[in-house]
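Visitor: Hi, I have a structure open and some quick questions. Can you walk me through it?

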Amino acid sequence: MNENKHLTITYTNWKRETRERVIEPIKIWYGSTRWHPDEQWLLKAIDIDKGEERDFAMTQIGGIEGMQQDKSTNTAETIASPETYEVKEVKLFTDGGSRGNPGPSAIGFAVLDMADQVIETSSRYLGITTNNQAEYQGLKEGLEHCVKLQVQTVHVHMDSLLVVNQLKGIYKVKNRDLWPIYDAIKELLPVFKDVTFTHVPRELNKLADSMVNECLDAQ
């Protein structure tokens, strides 16, 4: 842990108990947890006293101390406000891969703003699936994350020409095993103002692809 990144926040927990917490911020995200069942902006951070990751409701943070000026760059280290993440239009790069087809599989996705700044990345091991199932699962979870971020327009980029053309209606989905997840994705699309699908070569999908391989290598 880097002590220069430690902040002291005044926090009121769900029991309405208010006290100071020393934390090391990780990221701000939108969603829900066991202790925060209603979707809201949350600060994921390491609770230094408890030595574990916790999610703090942004509305329950009463004050922040410990932000220091970086004199070498003349910039200040601060926790980004929730507005920083209220991006209405994003690029979503997704990938899924199977070693064996079917075989050990994983997904990865990255959400970028229109200036190509990374907002969120995520990867997950799936178990034994086919390559196409993994591709669809990566897209589904990426879109679900965009819903949590309250994004309005999503530009999807994938290196699976099959999946892109099936979602555009150019190809039919003949594999019955893909029907449920295909239907689930189709049900997600009306949530957004607009969703576009673009096929890109693998070299332009390196971030999502690398997350898939790193996840598989870790198994």
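**Aromatic pairs and cores**

Guide: Let's start with Tyr30. Its relative accessibility is 12%, so Tyr30 counts as buried. Keep in mind that this is a predicted model.

Visitor: And Trp41, buried or exposed?

Guide: Buried. Trp41 has 13% relative accessibility, and the cut-off for buried is under 20%.

Visitor: How many aromatic pairs are there in the whole structure?

Guide: A search finds 3. In one of them, the ring centres of Tyr11 and Phe56 are 5.0 Å apart and the planes sit at 85°, so this pair is edge-to-face.

Visitor: Where do Tyr11 and Phe56 lie?

Guide: Tyr11 is in strand S1 and Phe56 is in strand S4, so the pair ties together parts 45 residues apart in sequence. Both Tyr11 and Phe56 are buried.

Visitor: What about the rings of Tyr30 and Trp41?

Guide: Their centres are 5.2 Å apart, with planes at 70°, so that pair is edge-to-face. Tyr30 belongs to strand S2 and Trp41 to strand S3, and they are 11 residues apart.

Visitor: New topic. Which residues touch the most other members in the largest nonpolar core?

Guide: That core has 28 residues, and Leu92, Tyr136 and Val154 are among those with the most contacts to other members. Elements giving two or more residues include strand S8, helix H1 and strand S11.

Conventions:
Residues are numbered from 1 along each chain as its sequence is written. This is a predicted model: local features need pLDDT of at least 70, side-chain atom pairs count only at pLDDT 80 or more; totals for chains, interfaces and linings use all residues. Side-chain values use heavy atoms; hydrogens and water are left out. A nonpolar core is a set of buried Ala, Val, Leu, Ile, Met, Phe, Trp, Tyr and Cys residues joined through side-chain atoms within 4.5 Å. Buried means under 20% relative accessible area, exposed over 50%, partly exposed in between (1.4 Å probe, protein chains only). Helices (H or I, at least four residues) and strands (E, at least two) are DSSP runs, numbered from the N terminus. Rings of Phe, Tyr and Trp (its six-membered ring) pair if their centres lie within 6.5 Å; planes under 30 degrees apart count as stacked, over 60 as edge-to-face and the rest as tilted.
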